[in-house]
Amino acid sequence: MEHKIKSIIQKLDSDKIQFADARITITDEESFYFADGFLRGFSSDKESISVGIRVMIRGCWGFAGSDDLSDASIERMIKTAISNAESGSAFKTEAESFPALPATKAEYIFKPEIDPFEMDKEEKLDYLGKLATAIKPQGKIVFSMLVAVFQRQEKYYANSEGSYSHTVYYNTMPMMQVAASDGQQNQSRTWPGDMSGGRAGFEQFYLYDFEHNTERIIKEATDLLKAPVVSEKKADIIIGGGHLALQLHESVGHATEADRIFGMEISYAGKTFIKPEMLGKFQYGSPVVNIYSDSTDPRGMGFHPLDDEGVPGKKVNIISQGVLQDLQSSRYIAHKLGLEPSSNMKASFADDYPLVRMTNFCLAPGKGSLDELIASTERGYLVDFTKTWSIDDNRNNFQFTTEIGYQIKDGRIVGIVKEPTYYGITQPFWNACDAVCGEEEWMFHGTFSCGKGEPGQSMLLSHGVAPARFRNVDMIVKI
Amino acid sequence: MDFIAYLKDQLHKHPQLLWVIYQQNWNTDFLRFYRSQTNYNISKSNHSLYLSLYKDQRNYGFTINDPTRAKIDEALKEALDILDKLPPDPDFVDLEDDPTLAEPRDVINNIEQVPLQLKSAILNRIAEAVKPHGFDIFGTFICNYGSSRMINSNNLDKSSAGSPIFLEVKAVHKDSEVTVLQNFGGEDFAKFDEEAFTAELLRKIEHCKNPVVDVEAGEYDVILAPRCVAEFVQYLSWCMDARAYDQHDSFFEDKLDVQVFPPHISITDDPTDPDMIRQDYGSDGHIYKPLKLVEQGVFKAFTCDHYYHRKTGLPKNGNTGSCLSIAPGESSLEEMVKEVKNGLYISSLHYMNFINMKETSITGLTRDGTFLIKDGKIVNVVNSLRFTEKIERILRNVIALENKAHTTAFSDNYGSFDISSTKAPHALIKGFQISSSTHTI
């Protein structure tokens with residue numbers, strides 16, 4: 001493959017081509033779906049090959065993608081990518097360009113503790129089947145499901161500047177859910193929530209201790225049927241790690257993607273309230289809020305030695321002590337804004353077009369344990385396990401509902417509430433953050449399904465967070 | 001090489017197996033533009049083969065991209081090895097058995113009919129038309145061409161092809177970011193009237209001349225644009241599916257033949273409407289025919305595939321809710337606007353999610369043109385707003401429907417990339433719950 005991809009780049013060596021890159025991905029996926037204790041879906045997609053060729057001509061990008069790696073297909077793709085760029089340049093008012101980067105060569109092979117594609121299939125099925133059986137309908141539980149998705153992706157990248165990388169990653173996404181009903185209403189509980197993906201093999205199941213959480217979610221889903229709702233218009237909330245990862249993702253991660261500033265995502269995902277002149281000045285959050293993008297941390301799914309535009313992985317401080325400092329960018333956008341490219345250009349598969357994407361987008365830890373944070377909270381709620389999420393296309397007005405809230409009185413959890421909903425505006429909300437738990441509570445949470453771009457791509461990415469407290473948050477929404 | 005024939009030959013050696021083969025070829029030519037210029041041009045093609053095997057209620061499936069005989073042999077061997085080791089699904093009975101074939105039709109490849117040069121020329125003209133008003137254009141111009149074939153061990157053999165076109169233009173003011181949008185979708189590019197498309201965009205821009213205002217949270221009479229009506233009904237259609245019924249998560253669980261909405265609400269899943277992007281087959285290759293979901297306010301049917309038909313006993317229809325059509329009413333849009341003393345016109349919705357699907361409670365935002373209506377006239381652009389509502393209540397509160405329905409195309413960007421269409425009239429809703437403002441356009 002190394003020879004193949006380098007030969008593609010050689011064929012693109014032409015005066016009229018400002019920049020060219022090519023990628024090949026070989027992806028294995030295996031997914032299991034159990035419903036009500038029974039295996040309803042087991043499918044695999046092995047050695048799925050994609051190739052993508054991107055060229056810039058007269059300041060305009062052209063791209064061709066395919067799953068056919070034959071020489072004839074590659075020749076067709078080269079012609080198509082060039083023709084797409086040339087035709088597109090007829091509808092272009094501002095030619096794109098960016099400074100060259102030194103050639104970088106990199107190789108990285110991730111080795112999981114338990115390779116899900118190599119482990120004994122019966123052992124894997126036995127483990128998953130036991131979990132599915134443990135949560136199957138019982139008592140008030142009327143539906144249950146268990147999902148496991150395993151992915152291995154090998155990627156080759158080369159560009160016209162001489163950069164080359166070869167990587168192999170493993171990613172795993174486990175999740176289980178139960179739904180309880182009393183005939184009038186449904187309440188559900190998941191474990192470990194929607195942000196359960198990680199750079200790992202089968203060990204991701206053990207990380208989240210699934211076996212010891214089946215009874216918990218059955219009890220909590222059942223108890224939620226009789227639980228009260230939040231009664232206060234405003235309350236202090238502590239947001240647990242899984243859900244805080246999504247809050248960070250939606251209201252800071254997407255908001256600081258610089259392609260949105262120029263409207264490149266208006267047609268689908270939206271824009272952002274951030275303007276270039278806010279850099280270095282805008283008080284995004286309180287002084288305890290420190291947020292960074294770090295594609296050099298191999299623990300997260302956003303790790304890479306080179307991004308899909310040939311920029312070496314790097315750590316970039318996006319928000320320091322609450323002040324906006326930098327953005328996630330492509331080489332062109334960074335150049336336009338006078339910034340260094342942040343190594344955030346990624347595509348899900350080789351036949352997808354690279355976009356500005358979150359990699360490992362993290363809230364830096366503060367101090368103390370979650371127990372200490374609860375103990376220091378007079379009244380409020382610990383909310384976790386996302387149920388509903390929504391944010392406007394400027395990433396300004398959000399509203400979230402979690403499956404459960406744990407009511408806190410005088411520093412202790414005293415009960416639960418169902419479907420706690422909170423809402424707010426991004427800047428005042430992050431400025432109301434007065435505490436972030438410490439290293440001992442900090443971990444990566446990840447998703448397999450961050451949607452962006454057209455044609456749409458689902459990206460795998462991670463968020464490192466520790467639970468954090470937000471003061472005086474708006475809580476009640478009339479429905 | 002005919003991989004399906006090869007695979008079929010291999011499978012005939014195992015008469016105890018039930019099986020389904022899907023073969024799909026898919027191509028797109030995708031122009032994305034921003035600030036009245038190209039963002040990128042993408043051409044993409046995929047060829048895949050999917051096989052699902054069943055033996056004694058045990059099921060395993062695999063996909064092969066860019067298939068070869070060697071890849072098929074290896075995948076099939078692995079599948080046969082694993083199948084006996086799987087736990088059974090006691091709810092699986094058998095495979096789809098509807099033999100009905102769709103009427104043959106000619107499908108023109110619109111990737112060839114609407115080349116990039118033509119797309120660029122059209123967009124250049126639209127950009128020039130909005131420029132004097134201080135607007136730029138953003139959006140996508142897509143042509144797809146796809147063909148598929150499905151065969152199964154019940155002797156079904158069904159092929160279909162389609163070539164949808166999708167053009168969505170958002171005109172965005174360079175300073176205020178006030179936005180309006182116009183959309184075309186279909187399979188016949190001759191139906192695209194560039195002059196009318198541009199004129200409609202410019203008519204909407206005319207409503208953007210007055211200052212932008214904000215409104216307080218509260219209940220408002222609102223006129224929903226056809227795409228908003230369609231989108232609410234699309235979300236509601238998830239509750240009309242047998243899967244939601246089976247999981248006890250459907251609002252309609254005990255409401256078959258019950259009057260749930262006012263008599264002027266009728267909803268049909270209609271792939272035969274010539275204004276819609278046609279679908280020949282629904283779930284598992286079942287013929288896709290018109291299905292009345294709500295008739296004069298009475299809930300009539302769940303969309304139901306073969307599996308859930310066997311599991312729940314609901315009638316099978318194979319519909320998927322991909323061609324939703326909401327029947328028009330009797331009012332003109334002008335009459336509906338005149339009815340509103342203090343309300344809103346909502347052009348488009350954004351980032352909706354169910355809070356509780358069984359209750360149809362949902363939150364989301366307005367986008368791309370929210371307008372204040374005062375004393376029967378559209379007077380100002382309003383910042384984008386958040387609503388928190390129940391879809392069943394929105395439909396119960398429909399007090400007027402426009403006397404014609406409009407086709408809106410949607411490009412599905414989250415799951416598999418596809419283009420579908422809906423048809424709906426404008427709707428006047430009383431007491432629509434705005435829960436907060438975004439304070440931004």
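Asp371(A), Glu372(A), Glu439(A) and Glu440(A) form a negatively charged surface patch. Such patches take residues with over 30% relative accessible area and no salt bridge, like charges being joined within 9 Å. Asp371(A) belongs to helix α8 (residues 370-375) of chain A. Asp371(A) is exposed, at 60% relative accessible area. Buried means under 20%, exposed over 50%, and partly exposed in between (1.4 Å probe, protein chains only). The model is predicted: local features need pLDDT of at least 70, and side-chain atom pairs count only at pLDDT 80 or more, whereas totals for chains, interfaces and linings use all residues. Residues are numbered from 1 along each chain as its sequence is written, chains are lettered from A in the order in which they are written, and side-chain values use heavy atoms, without hydrogens and water.

Glu403(A) and Arg189(A) form one, at 2.7 Å, N to O. This pair joins strand β16 (residues 397-409) to strand β7 (residues 186-191) of chain A, 214 residues apart. Glu403(A) is buried, at 3%. Arg189(A) is buried, at 0%.

Another salt bridge joins Arg367(B) to Asp393(A) at 2.9 Å, N to O. It crosses between chains, from strand β15 (residues 361-374) of chain B to the loop between β15 (379-391) and β16 of chain A. Both residues, Arg367(B) and Asp393(A), are buried.

Within chain B, Glu200(B) bridges to Arg203(B) at 2.7 Å. Both lie in helix α5 (residues 194-206), three residues apart. Glu200(B) is partly exposed, at 26%. Arg203(B) is also partly exposed, at 39%.

Terms used. Patches are made of residues with over 30% relative accessible area and no salt bridge: like charges are joined within 9 Å, nonpolar side chains (Val, Leu, Ile, Met, Phe, Trp, Tyr) within 5 Å. Accessible areas come from the Shrake-Rupley method with a 1.4 Å probe; for residues, only the protein chains shown count as cover. A salt bridge is a side-chain nitrogen of Lys or Arg within 4 Å of a carboxyl oxygen of Asp or Glu. Lys and Arg count as positive and Asp and Glu as negative; His and the chain ends are not counted. The place of a charge is taken as NZ of Lys, CZ of Arg, CG of Asp or CD of Glu. Helices (H or I, at least four residues) and strands (E, at least two) are DSSP runs, numbered from the N terminus.
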